[in-house]
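Look at the fold of one chain to begin with, and then at how the chains sit against each other. The paragraphs below follow that order.

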Protein chains: 4
Amino acid sequence: MSRNNLVDMSKQAPDLQRVVSDITDEMRQRSERGAVATYIPELARVDAKSFGLVVIDAAGNVAASGDCDQPFSIQSVSKVFTLTLALGKVGDRLWQRVGREPSGSPFNSIVQLEFERGKPRNPFINAGAIAVTDVILSGNRPREALGEIVRFIRLLADDPSISIDEAVAASEQRTGYRNFALANYMKSFGVLDNAVETALGVYFHQCAIAMSCRQLAMAGRFLAFLGRDPSTGHSIVKPERARRINAIMLTCGHYDGSGEFAYRVGLPGKSGVGGGILAVAPGKGSIAVWSPGLDTAGNSHLGTIALEALSNRLGWSVFGQLS
Amino acid sequence: MSRNNLVDMSKQAPDLQRVVSDITDEMRQRSERGAVATYIPELARVDAKSFGLVVIDAAGNVAASGDCDQPFSIQSVSKVFTLTLALGKVGDRLWQRVGREPSGSPFNSIVQLEFERGKPRNPFINAGAIAVTDVILSGNRPREALGEIVRFIRLLADDPSISIDEAVAASEQRTGYRNFALANYMKSFGVLDNAVETALGVYFHQCAIAMSCRQLAMAGRFLAFLGRDPSTGHSIVKPERARRINAIMLTCGHYDGSGEFAYRVGLPGKSGVGGGILAVAPGKGSIAVWSPGLDTAGNSHLGTIALEALSNRLGWSVFGQLS
Amino acid sequence: MSRNNLVDMSKQAPDLQRVVSDITDEMRQRSERGAVATYIPELARVDAKSFGLVVIDAAGNVAASGDCDQPFSIQSVSKVFTLTLALGKVGDRLWQRVGREPSGSPFNSIVQLEFERGKPRNPFINAGAIAVTDVILSGNRPREALGEIVRFIRLLADDPSISIDEAVAASEQRTGYRNFALANYMKSFGVLDNAVETALGVYFHQCAIAMSCRQLAMAGRFLAFLGRDPSTGHSIVKPERARRINAIMLTCGHYDGSGEFAYRVGLPGKSGVGGGILAVAPGKGSIAVWSPGLDTAGNSHLGTIALEALSNRLGWSVFGQLS
Amino acid sequence: MSRNNLVDMSKQAPDLQRVVSDITDEMRQRSERGAVATYIPELARVDAKSFGLVVIDAAGNVAASGDCDQPFSIQSVSKVFTLTLALGKVGDRLWQRVGREPSGSPFNSIVQLEFERGKPRNPFINAGAIAVTDVILSGNRPREALGEIVRFIRLLADDPSISIDEAVAASEQRTGYRNFALANYMKSFGVLDNAVETALGVYFHQCAIAMSCRQLAMAGRFLAFLGRDPSTGHSIVKPERARRINAIMLTCGHYDGSGEFAYRVGLPGKSGVGGGILAVAPGKGSIAVWSPGLDTAGNSHLGTIALEALSNRLGWSVFGQLS
């Protein structure tokens with residue numbers, strides 16, 4: 001198929017910005033916004049009315065709206081980037097440590113770990129993400145591992161200003177008892193190579209990376225476009241790997257609300273308790289949305305509604321596109 | 001996008017047949033085939049070496065190979081058709097009875113039912129499918145409900161010869177203790193309206209419908225093409241509903257192997273313990289494969305491998321298509 | 001120890017009656033009575049204010065008070081008698097089918113069955129009791145098995161008038177979906193030899209046996225006195241077996257309230273949702289209490305309080321007796 | 001009952017020593033000894049053939065045999081003493097933090113904690129014991145709390161030489177990931193007042209207390225004799241509290257083998273992974289046995305067999321005594 005993306009998309013670009021702006025306006029008028037996460041004290045300070053939305057299409061057009069340049073704590077969205085790094089490091093051996101099935105459980109459940117002898121169900125529940133970070137750590141000092149993660153995200157976003165919010169990291173370090181429980185539990189089964197404190201230290205810092213919707217949407221492009229940075233043409237990962245990461249995002253990216261997200265939005269996505277969601281429309285675009293209020297499954301309430309609207313209006317669902 | 005499907009596909013058609021034939025040859029040479037289901041005695045009699053594969057593209061080209069006209073017991077693949085019927089009957093009210101999240105459990109698990117007070121996690125685990133059949137039954141006599149299901153499948157497949165294998169139905173009725181347990185359990189929570197025996201009677205018969213790969217691929221076209229029968233243009237369901245059924249197939253269609261299927265194949269699909277899988281490539285084609293040997297999660301072993309090869313070679317994964 | 005029970009107890013007898021009468025008076029003045037079971041419609045018709053208490057000591061003295069001659073549905077108390085019968089029939093082979101550990105779960109939980117492949121944790125949860133009844137059934141017709149159970153209880157109670165309340169049995173047969181679920185689930189693992197309907201038919205009838213506190217206390221004497229009927233000296237079971245049945249009553253006799261009952265009352269006991277409890281003070285006496293209101297664990301609310309008072313005042317706890 | 005314990009027991013004493021010696025001889029001849037715990041490296045160094053048995057009766061007679069003066073790591077047997085201390089400190093308020101039901105799960109299960117929001121089922125599973133230690137800690141520094149525990153055990157055993165094996169404590173501190181998981185998990189629900197490291201520091205040290213069978217049997221007398229030290233007549237706890245602790249030992253003292261121990265031995269008891277068991281025959285005697293090999297539930301294999309023999313030969317089962 002000889003479709004010329006550049007031409008196509010330049011025609012589409014004005015529509016894209018209008019759709020993004022319209023949705024932002026509609027979201028701002030909604031009163032029900034979910035509840036801001038309070039279990040990390042630092043996160044509770046954010047303005048609950050914040051809303052940002054950015055879409056970057058195949059031609060590199062950027063449609064942005066709302067608080068699209070305000071950095072927020074990406075939290076679990078970071079798991080997409082560490083998964084990519086760990087796969088680059090150890091390849092399919094990663095799956096000896098972590099499964100890739102939806103968990104049917106909340107993000108911080110420990111029950112599944114007991115039934116499956118310490119092997120987390122997938123890399124996007126907390127336990128799985130800690131195990132992935134442990135893989136990145138191996139052979140490195142914590143500072144180096146963290147540096148590797150941050151540099152990778154800066155590269156993807158083409159923005160060297162991205163950094164870690166140390167206050168958030170320290171807040172999690174002090175209060176993340178559930179994550180300490182998960183990590184110690186896996187350690188008791190030999191799933192972690194490094195000391196629990198070391199692995200969690202890196203994990204809490206990766207979660208505390210602050211990014212704007214614009215930066216996040218930039219960083220997600222390689223997943224939307226078969227592993228390549230579409231502006232430079234550089235290959236980040238092979239097409240097959242990009243597809244597979246998308247598959248895990250679709251089945252596991254929203255904890256115990258992953259089925260709901262697939263049903264309503266129809267796009268691979270990964271949410272964080274900071275209220276951000278990175279969504280990927282393969283071949284079409286990379287999308288980042290941010291609204292801090294969460295639904296009961298821990299996913300951004302307005303963020304999900306906004307993505308549902310966006311996917312519908314642009315016809316971008318992977319489950320059937322209007323053409 | 002003004003792509004002319006007919007022209008496109010007629011060019012592609014020869015390739016499609018070659019890909020289908022090649023894969024069939026490769027599968028026939030494999031020695032590891034998984035284990036044929038024996039828990040339903042009638043199913044155990046099938047020839048373990050059977051293999052069939054059919055793909056129907058957007059232009060209506062049919063690429064078929066192997067035992068593609070041999071009817072087999074569709075078993076859980078029937079759940080796609082009853083879900084479609086039930087949504088047509090009661091719409092989104094269906095979701096009050098059945099969830100749409102992956103279960104993180106085997107197909108016949110009862111644990112989840114206890115934790116969630118009798119509400120099945122999704123319409124594709126056994127409990128959920130029984131609840132869906134109960135909805136179709138309501139207000140009808142069993143024979144009528146069953147007739148409705150069979151007529152719907154005949155319509156979709158455009159083949160009035162499709163029928164129920166009564167020996168299989170009787171075999172399940174005699175030995176389906178686990179399903180009786182699930183149904184009674186839901187009944188104790190008031191999730192079923194009809195008598196347990198009645199609901200299960202219809203359910204066992206729907207599972208005992210026998211179809212060939214050709215018939216199954218025909219019947220799945222409406223899901224691949226936005227709810228329409230692409231040959232007649234008739235609308236079976238609205239585009240949105242087709243997309244949503246695809247989403248549930250992708251996240252829940254392979255029991256506790258759904259994540260694995262999404263990861264490897266990248267297409268919405270629904271498997272049955274008879275060894276059949278219906279897979280849907282939105283906008284591209286409807287695919288049916290049959291190989292009776294199952295993997296440990298209860299999905300066709302060679303069927304999955306064949307679909308993985310097909311999706312790779314045709315670039316049909318929903319998670320990133322080569323164009 | 002040459003303690004002459006007869007002399008001892010005749011001296012104690014007046015006190016025993018006074019203690020029993022006092023406790024009955026105190027219970028009658030309490031307003032909080034728990035909730036009468038409604039899941040079996042016939043049980044819901046009982047007078048919630050009923051209260052009966054009977055103690056029979058080693059000398060055969062009977063202290064009785066309140067509604068002590070009013071028959072009630074013994075329900076799960078019957079499990080003590082069927083366990084005794086089944087052990088008599090197959091001996092320790094019974095433990096291949098049923099465990100003897102507390103379940104840590106409600107009486108009708110099915111979760112444990114899934115984790116332990118259909119083997120019930122103990123003979124006093126519903127699943128375990130159904131498996132025990134299945135053992136009694138084997139080789140018999142249902143009517144014969146039921147006759148054997150009723151005759152055994154009549155023998156123990158020395159009262160040929162004890163019979164089954166057919167209305168209650170029919171009520172359970174119609175509405176006992178949870179028990180049908182449990183039985184079918186076990187059947188799917190091959191734990192039951194007989195047809196599910198047959199085993200449950202006998203089980204529902206044994207639960208529907210109606211007995212008064214006086215009859216129940218009579219029937220429990222063999223457990224209090226090392227397996228013998230103390231009035232006739234006849235041996236019902238060997239001392240070792242009586243002790244072991246008592247052990248199971250203490251650890252498992254009150255479902256997920258067994259620890260609580262041991263802690264507060266300190267006696268082996270078995271409760272039923274009809275509001276009856278049979279308690280055993282080894283070497284001291286056999287006790288039956290009845291009050292239909294249940295606590296959240298499904299055990300008689302006032303019955304437990306009455307037994308706690310009785311055990312305290314008589315110093316009968318097995319965990320340390322005042323002498 | 002005016003039974004003079006001293007006279008009675010002096011007559012019984014020669015028999016008691018013979019029974020104890022006989023059983024020790026029999027145990028020494030058995031080849032199947034279970035497996036020594038290796039998860040705490042220091043524990044793995046013990047001689048697997050060690051066997052000690054001590055019984056102290058109501059008259060203060062001590063029957064001892066085998067390695068009865070060899071100190072071993074009491075591990076979870078310490079939980080009986082910390083439970084007693086914590087009840088002394090906060091009384092029944094303790095039960096707001098910890099339940100008193102059998103768990104139906106292994107000693108280190110975390111599943112139950114998730115289902116019951118961080119509240120351990122009973123004080124004898126690891127999570128419950130950590131919560132109990134946290135109560136003793138509150139308001140104290142770790143060193144003081146630990147000193148209080150050690151002094152209490154020395155007082156009970158009337159032996160100031162009892163001390164902590166620091167190598168074992170250090171070994172657990174380094175490798176007790178599962179306990180770190182449990183403690184962090186409870187901390188996340190607010191069940192612990194103190195820092196996780198602090199509570200576990202005290203807990204690991206209490207488990208590392210080394211005692212001989214003689215010391216342990218001495219320390220258990222207050223439970224056998226209604227809360228009193230029978231030699232001095234001093235009251236340690238009220239009779240009611242001694243009975244209740246015995247009740248918890250009987251229903252929960254052997255983890256997921258508690259039902260089995262009650263069934264076979266018929267005495268309240270508490271085991272530790274060091275291979276020790278403290279058993280209590282109310283009104284009769286205090287018993288300590290030690291054999292390091294464990295069965296699959298983590299209880300001393302020969303220790304349980306020895307106690308079964310002892311209970312049978314002396315007729316000491318609480319479930320029916322020969323008189």
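Among contacts in chain A between residues at least 6 apart in sequence, 69% link residues at least 24 apart; two residues are in contact if their C-beta atoms, placed from the backbone, lie within 7 Å. This is a predicted model, in which local features need pLDDT of at least 70, side-chain atom pairs count only at pLDDT 80 or more, and totals for chains, interfaces and linings use all residues. Residues are numbered from 1 along each chain as its sequence is written, while chains are lettered from A and ligands numbered from 1 in the order in which they are written.

Chain A holds 13 helices and 10 strands (DSSP runs, H or I of at least four residues for helices and E of at least two for strands, numbered from the N terminus). The C-alpha trace of chain A spans about 55 × 45 × 35 Å along its principal axes. Of its 323 residues, 65% count as buried, meaning that 20 or more other C-beta atoms, placed from the backbone, lie within 10 Å of the residue's own.

Now to the copies. Chain A is superposed on chain B by a rotation of 180° with 0.0 Å of shift along its axis (RMSD 0.0 Å), using least squares on the C-alpha atoms of residues with pLDDT of at least 70 in both. The two copies are therefore related as by a two-fold rotation axis. A:Gly104 is the residue of chain A that comes closest to the rotation axis, at 2.3 Å (C-alpha).

Chain D also touches chain A, with 12 residues from chain D and 12 residues from chain A in the contact. On the chain D side, helix H3 (111-115) and helix H7 (177-188) are the elements that give two or more residues. H7(D) gives the most, with eight residues.

Conventions: A residue is buried if 20 or more other C-beta atoms lie within 10 Å of its own, exposed if 12 or fewer, and partly exposed in between; C-beta atoms are placed from the backbone.
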